[in-house]
Amino acid sequence: MNEDLDMLEKSALNDYKYGFTTKIDTDIIPKGLNEGVIELISKKKNEPEWMLAWRLKAYAYWLKLTEPTWANIKHPPINYQDIIYYAAPKQKEQLNSLDEVDPELLRTFEKLGISLNEQKRLTGVAVDVVMDSVSIATSFKEQLSEIGVIFCSISEAIQKHPELVKKHLGSVVPMTDNYFAALNSAVFTDGSFCYIPKGVRCPMELSTYFRINAENSGQFERTLIIAEEESYVSYLEGCTAPMRDENQLHAAVVELIAMEKAEIKYSTVQNWYPGDKEGKGGIYNFVTKRGICQGDYAKISWTQVETGSAITWKYPSVILKGDHSIGEFYSVAFTNHHQQADTGTKMIHLGKNTRSRIVAKGISAGQSQNSYRGLVRASKGAINARNYSQCDSLLLGDKCGAHTFPYIEVKNKTAIVEHEATTSKIGEDQLFYCRQRGIDAEAAVALIVNGFAKEVMNQLPMEFAIEAQKLLTISMEGSVG
Amino acid sequence: MLSIKNIHANIDGKEILRGINLDIKAGEVHAIMGPNGSGKSTLASVLAGREEYEVTEGTVTFLDKNLLDLSIEDRAREGLFLAFQYPVEIPGVSTTNFIKAAVNEKRKYHGQEPLDALAFLKIMKEKMALVEIDQSLLSRSINEGFSGGEKKRNEIFQMAMLEPKLAILDETDSGLDIDALRIVANGINKLRNENRAILLITHYQRLLDYIQPDYVHVLYNGRIVKSGTKELALELEEKGYDFITDETDLAAKE
């Protein structure tokens, strides 16, 4: 009996352990969106004139657009005038070192498992932490700069490296790309910037931790990663938010640029607040992520583990422009309760002998809906392009849904595109087999799901693979009926 | 150790077991034989706790506990092991990790600390030699792409690792060629000891050439219709099941 109570208590606590709010003075601007708000954001960030002009152009374009409705998701209309577009924890203007960061903020990130403290922080991982609309701190900045790697917030990059930002911002995801990309281009507040110079293999993982804290605010992050010729970088982002009854919007844009023989490995562990069991609250995660293999033999690899958000709408894509370039997409999307996910990728083959590989694993539980949507396009010039796609869905229970929407456009005869898809349920036989060995149903489901997702999990950097596996197990709790 | 009294069991409303009585003591090996459809595998499933089967009458006592009150996993943790006729594949779950999870769940149930990787590996090495199983098999996903012989050997390996009090081997000989059969049977023989009871379920006598049972029971139409020593199995081999089933059918008519 006691044991049962223990278990109940534990799983209730485990539901979403990042749901707390940090009480901190926040600089907030009034709700609503207009040119004045954009000017205010730009002013607060002390931006140069060209940046403001860029934002306003994007805003003007956004006003002409209507929200897309093609995704397999449902939500009440979003009132864009009811969102706060800038919220920043108040702190000293200029920090000389991490020790000057507000202790309350340090404690917050400590609680989230991100230590900024010099002694305790993860060695081998440089972290940029972003809360609401601003970057709080970036670790290992100096060490990285010694080898020419620039890792800082995008705001800082706009100030200190305007030539790089000007050249690349919007070059992969133009402001006119889609509704949310246009909105982001107008109002983005912070995010990370990485620049890896020619021939440098970045010696540590670069990572950004995104946290939403303020109420009624939206987060519009912008990340730009540039890998020059023959360079390599592995980058990881994580994200969490407090539990609230209202939906909050997170509309990010991420752009990756890989030059000749460069490699970018981008991993995401997405754990935004998913809403409660009845589907109340949670983050709308509407994100545009795209990379371009600009040079020959370049490689971009996306890995994502998506367990959070009320709604996920994102398609990390690769434009394979350079000959012999490689694009990869590995995804695990887990949805429980009333979560909805419409996620996948686009592999756009332009260059000769380009190759892409897609491995997408969808796991649906509760009354959730989980869709894979992917496009593979081989243009006329993409001689000998090859793609392999594999989409597997696993259903837990009979009230959830799994959907696959593959789009294939091949414009030349030498291209080879393969697509495999499976849908399975956890079998009674599998459960019985595990239970007969003394493994209870809940643990058995965790085991089976982790086995199902393993191929993707293996792609994550080691430091995060274990965390991601735990996260998957926690998200699954209560999904065995 | 195990005492089955007048067990009746249904599946989908159809009665399969119609009053089984059987007592098994520690150290004994019992063989249950019988023609197809006699209820052999049902008996194994009912003992293991498979939920599709409904026990309508009778009792089962296992190590002084009411077995039928225990969940599937608790029966296993108490020391009941079922070697499956058709072991299930679980993609992506390595055999080693699976067995480690099972061993540690059992230890937890008995209030023992979980085995660390090193201790587990040491035990695994010992047992691997015992049942002649290859290391490469254990790093693969459980039963995925295993041959029939590999699957059965893996079952016996799990039995060795979990050290059950009662092992029920459901048609472990089916689908094995003669070499595989010999290896599997050798493994089982090495796991025989005075504290462990084994219930062999088999259609054919040939397994009993390798594993000598103390008792042989013939199951027919959901009842044990004849019990004897290992000579009974030889008699069955010679005369076929008909000599018993005809007798039983005749008796039923009268």
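The model is predicted, with local features requiring pLDDT of at least 70 and side-chain atom pairs counting only at pLDDT 80 or more, while totals for chains, interfaces and linings use all residues. Residues are numbered from 1 along each chain as its sequence is written, chains are lettered from A and ligands numbered from 1 in the order in which they are written, and side-chain values use heavy atoms, leaving out hydrogens and water.

- Helices (H or I, at least four residues) and strands (E, at least two) are DSSP runs numbered from the N terminus, and two strands pair if DSSP finds at least two bridges between them.
- Strand S19 (residues 355-364) of chain A has 8 of its 10 residues buried, so this strand is largely enclosed by the rest of the structure; buried means under 20% relative accessible area, exposed over 50%, and partly exposed in between (1.4 Å probe, protein chains only).
- S19(A) is joined in parallel by 10 bridges to strand S17 (residues 326-335) of chain A, and Phe329(A) has Ile358(A) as its bridge partner in S19(A).
- S19(A) also pairs in the parallel sense, over 10 bridges, with strand S21 (residues 386-395) of chain A.

**Loop residues**

- Ala382(A), in the loop between strand S20 (369-378) and S21 of chain A, is buried with a relative accessible area of 0%.
- Neighbours within four places in sequence aside, Ala382(A) is in contact with His349(A), Leu350(A), Gly351(A), Asn412(A) and Thr414(A), where contact means heavy atoms within 4.5 Å.
- Thr354(A) is 28 residues from Ala382(A) in sequence, and their C-alpha atoms are 7.0 Å apart in space.
- Ser309(A) is not a glycine, although its phi is positive at about 70°; this residue lies in the loop between strand S14 (299-306) and strand S15 (311-314) of chain A and counts as buried at 1% relative accessibility.
- Glu163(B), in the loop between helix H6 (148-162) and strand S9 (166-170) of chain B, has a positive phi near 40° in a residue other than glycine, and at 47% relative accessibility Glu163(B) counts as partly exposed.

**Sheets of chain B**

- Six strands make an open sheet, with 6 strands in the order S6-S9-S10-S3-S11-S12 (chain B) and mixed pairing; at its edges, strand S6 (80-83) and strand S12 (223-228) of chain B each pair on one side only.
- The twist of this sheet averages 20° from one strand to the next.
- Within this sheet, strand S3 (residues 29-33) and strand S10 (residues 197-202) of chain B run parallel and are joined by 5 bridges, with Val29(B) opposite Ile198(B) in S10(B).
- Helix H9 (residues 230-239) of chain B packs on the sheet and touches S3, strand S11 (215-220) and S12 of chain B, its direction making about 45° with that of S11(B).
- Another open sheet holds 4 strands in the order S2-S1-S4-S5 (chain B), with antiparallel pairing; strand S2 (14-24) and strand S5 (65-66) of chain B stand at its edges, each with a single partner strand, so one side of each has no neighbour in the sheet.
- Strand S1 (residues 2-11) and strand S4 (residues 53-62) of chain B run antiparallel, joined by 8 bridges, and His8(B) stands opposite Glu57(B) in S4(B).

**Nonpolar cores**

- A nonpolar core is a set of buried Ala, Val, Leu, Ile, Met, Phe, Trp, Tyr and Cys residues joined through side-chain atoms within 4.5 Å; in the largest one, of 113 residues, Leu396(A), Leu47(B) and Phe98(B) touch the most other members.
- The largest share of this core, 10 residues, comes from helix H10 (residues 441-457) of chain A.
- Not counting residues up to four places away in sequence, Leu47(B) touches several residues, among them Leu2(B), Ile4(B), Val60(B) and Ile168(B).
- A second, separate core of 78 residues includes Phe109(A), Ile136(A), Val165(A) and Trp313(A).

How values were computed
Axes are lines fitted to C-alpha atoms, for helices over the stretch in contact, and angles run from 0 to 180 degrees between N-to-C directions.
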